[in-house]
Amino acid sequence: MAGMMSRRTALRRGATVATAGLAAAGVPVLVTVPEARAAVGEGVSTPWDKLAELLDEAGAGRLFEPAERLFGTLGVPRNHVYIDNRPLRILAPRDIDGDRGATGVEIAVAWAGANGVRVIPYSNGHNYAGYSATDPRDACPTLLVDLSDNQLKQPALADGAGGTVVLTAGSGTTNGDAYPFLRTNPFRGRQWAVPTGRCPTVALGGLTLGGGIGFSDRKYGLTCDTLVATTVVTPAYGKVVATADQHSDLFWACRGGAGNNFGIHVDFTYAAHPVPDRFCVFDLKWQAADLAAKAWSVYDAFRRLLFEGDQSDPRLADFHLRFGIGTAGRDQAEAKRNARCNALGEFYGSKRELIAFLESRGLPADLVADFESGTQDLNFWDATNYTFATTPIYQWGSKSAIVDERDVLDEARIATCVRYVQSWPGSHNDDGAGIALFALGAKINEKDPTATAFWHRRAQFIMALESSWADNDSTDLADPTSTAAKCQAWLDDFYLRVWGEAGPSHCYQNFPDPDLTDWQARYYGGNYARLREVKTKYDPDGMFHYEQGIQALRPSPR
């Protein structure tokens with residue numbers, strides 16, 4: 001099958017049930033983190049003691065070895081499918097005079113280049129395919145650089161160019177760090193925000209580099225669209241600050257080219273926007289005897305609302321939507337009973353203004369009535385807290401598709417989605433399974449696909465398809481009778497039935513799928529060739545590499 005081919009190996013096998021004292025790392029305590037990966041590539045010539053010495057002399061960080069107690073709490077992947085993937089060493093950089101760990105990262109990257117060591121940056125471990133962990137098959141010694149410590153975050157507001165306000169924060173700063181800081185630290189006499197995601201444990205590093213979707217993007221653009229500068233430690237050029245005016249090729253690539261490709265990002269600076277005075281949130285749920293018909297009528301109404309008719313209406317950018325069809329349950333019967341569709345979102349304006357907008361756009365009266373009962377006026381911060389959700393959790397498989405005028409979701413495909421959601425085999429993970437459709441358009445689509453590395457500028461929705469299981473389920477993906485294997489097989493077949501043998505034309509790089517073929521074109525479209533040029537310039541020897549990483553054209557002198 002061209003769109004999806006199983007290439008799972010032992011690195012995707014689940015972990016055993018136990019407890020490991022991981023609360024300090026914010027990891028659910030249902031799994032054991034191995035002390036270290038197998039010693040593949042652990043040559044006696046790797047001078048780890050020299051790196052530790054260099055870091056200690058500069059006071060720039062701590063190098064952790066597998067035998068140390070804290071090793072198991074650092075660099076843990078959020079998707080526990082990859083819990084067994086551990087590096088040979090972990091660096092925890094230390095802030096020096098506000099550098100957010102840059103000195104330690106510079107030392108480590110220079111040392112790794114001289115010693116043939118692969119480096120993996122870790123902001124908070126949310127990569128769906130485990131690419132912020134390590135591959136135990138890797139023939140190279142591996143060093144993971146953990147940027148998640150609080151002392152490296154240091155969010156700060158400041159004056160930007162042209163009278164703007166900017167937020168600078170370390171790569172490991174999470175959505176759950178950024179918003180409380182912004183709420184409690186007014187600047188110039190008012191509060192400010194930046195468009196980020198809705199999962200509080202996702203860090204700005206990975207979010208930004210792959211694009212960054214959330215409930216402000218239709219109004220202000222993707223997270224990467226508000227980026228004005230980023231400090232990056234690269235193998236070829238050392239520490240650089242990439243902006244539109246300096247290292248502009250790298251700056252272009254950092255806005256949609258995904259993480260772990262060109263260097264280690266120490267911090268990011270974003271253009272901030274004022275917090276609105278009026279705001280509301282809607283949360284609608286539907287269960288019906290004919291769920292397929294209901295799901296189609298609701299989805300089609302939203303699609304028409306956002307992408308048909310007068311596209312110059314300024315209020316279109318105020319409406320932000322996640323539409324889903326999902327379920328949860330311990331077995332298939334319970335999953336079928338729990339199947340529903342839902343709409344969650346935010347509107348830059350009052351409930352009264354939202355209803356007037358929906359009526360003016362011709363939304364069907366029954367849906368307007370649902371909004372009347374399912375919407376509440378909240379301030380911006382309380383609305384953000386309401387829509388925050390840490391999902392997915394524990395263990396999961398995920399796939400994606402870009403929905404546009406070429407790859408449409410018609411009534412038959414929506415019916416297929418409902419049928420599969422109702423047939424999900426079930427697990428002990430309350431996150432369940434299903435699809436989520438994140439509305440794009442408006443400000444996002446004003447840019448040309450080549451303006452940044454984020455190619456999907458003509459899309460209507462990003463579609464995520466997920467299936468989850470718990471750490472206390474049977475988790476061996478190699479055993480077809482296990483809960484994990486059944487949930488993953490369900491997802492694979494679901495994706496095939498919706499998108500066919502060829503698969504969708506494009507997929508979202510921040511929802512990476514390790515089974516995806518032709519990922520270069522599906523993630524990056526016509527931008528991949530240029531991304532390879534940037535890779536060749538800044539990381540010619542591939543210090544940063546993984547299965548779906550950008551490939552250099554050839555070894556290149558600095």
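R315 is partly exposed, with a relative accessibility of 24%. In this predicted model, R315 forms a salt bridge with E353, and the closest N and O atoms are 3.5 Å apart. The pair joins distant parts of the chain: R315 sits in the loop between α7 and β13 (319-327), while E353 belongs to helix α9 (residues 351-360), 38 residues apart. E353 is likewise classed as partly exposed, at 22% relative accessibility.

**Salt bridges**

- The whole structure contains 25 salt bridges.
- R315 and E353 belong to a network of salt bridges that also links K219, R278 and D318.
- K399 forms a salt bridge with D492, with 3.7 Å between the closest N and O atoms.
- This pair too links distant parts of the chain, since K399 is in strand β16 (residues 395-403) and D492 is in helix α13 (residues 483-499), 93 residues apart.
- K399 counts as buried at 1% relative accessibility, and D492 is buried with a relative accessible area of 13%.
- R303 forms a salt bridge with D300, where the closest N and O atoms are 2.8 Å apart.
- R303 and D300 are about one helical turn from each other, because they are three residues apart in helix α7 (residues 291-307).
- R303 counts as buried at 17% relative accessibility, as does D300 at 11%.
- In general, side chains of opposite charge can pair when their charged atoms come close.

**Cysteines**

- A search of the whole structure finds zero disulfides.
- C487 is in no disulfide, and the nearest cysteine sulfur, that of C417, is 17 Å away.
- C487 is buried, with a relative accessible area of 0%.
- The sulfur of C507 has its closest cysteine sulfur in C417, at 14 Å, which is too far for a bond.
- A disulfide would require the two sulfur atoms to be within 2.5 Å.
- C507 is buried as well, with a relative accessible area of 1%.

- T452 lies in the loop between β17 (433-439) and β18 (461-469).
- Despite its loop position, T452 is buried, with a relative accessible area of 0%.
- The side chain of T452 makes a polar contact of 2.9 Å with the side chain of R457.
- Leaving aside residues up to four places away in sequence, T452 touches D225, W252, R255, K447, R457 and N527.

- Q154 is located in the loop between β4 (142-146) and β5 (156-159).
- Q154 is partly exposed, with a relative accessible area of 27%.
- The side chain of Q154 makes a polar contact with the side chain of D95, at 2.8 Å.
- A polar atom of the Q154 side chain also lies 3.0 Å from the backbone oxygen of Q151.
- Not counting residues up to four places away in sequence, Q154 touches D95, G98, R100, T168 and A169.
- Q154 and A169 are 15 residues apart along the chain, and their C-alpha atoms are separated by 5.7 Å.

**Helix α15**

- Helix α15 (residues 528-538) has the buried residues Y528, L531, V534, K535, T536 and Y538.
- Among the elements that cover these buried residues are β8 (227-234), α6 (248-254) and α14 (519-524).

**Overall fold**

- The protein chain has 15 helices and 18 strands.
- Its radius of gyration is 23 Å, close to the 24 Å that the globule rule gives for 558 residues, so the chain is as compact as a globular protein of that length.
- The C-alpha trace of the protein chain spans about 70 × 60 × 40 Å along its principal axes.
- Of the 558 residues, 59% count as buried.
- Among contacts in the protein chain with a separation of 6 or more, 76% come from residues 24 or more positions apart.
- The protein chain exposes about 20,500 Å², and carbon and sulfur atoms supply 50% of that area.

Key
Residues are numbered from 1 along each chain as its sequence is written. This is a predicted model: local features need pLDDT of at least 70, side-chain atom pairs count only at pLDDT 80 or more; totals for chains, interfaces and linings use all residues. Side-chain values use heavy atoms; hydrogens and water are left out. Helices (H or I, at least four residues) and strands (E, at least two) are DSSP runs, numbered from the N terminus. Buried means under 20% relative accessible area, exposed over 50%, partly exposed in between (1.4 Å probe, protein chains only). A polar contact is a pair of N or O atoms within 3.5 Å; within protein, one must be able to donate a hydrogen and the other to accept it, and residues adjacent in sequence count only if both atoms are side-chain atoms. Contact means heavy atoms within 4.5 Å. A salt bridge is a side-chain nitrogen of Lys or Arg within 4 Å of a carboxyl oxygen of Asp or Glu. The radius of gyration is taken over C-alpha atoms; the globule rule is 2.2 Å times the number of residues to the power 0.38. Accessible areas come from the Shrake-Rupley method with a 1.4 Å probe; for residues, only the protein chains shown count as cover.
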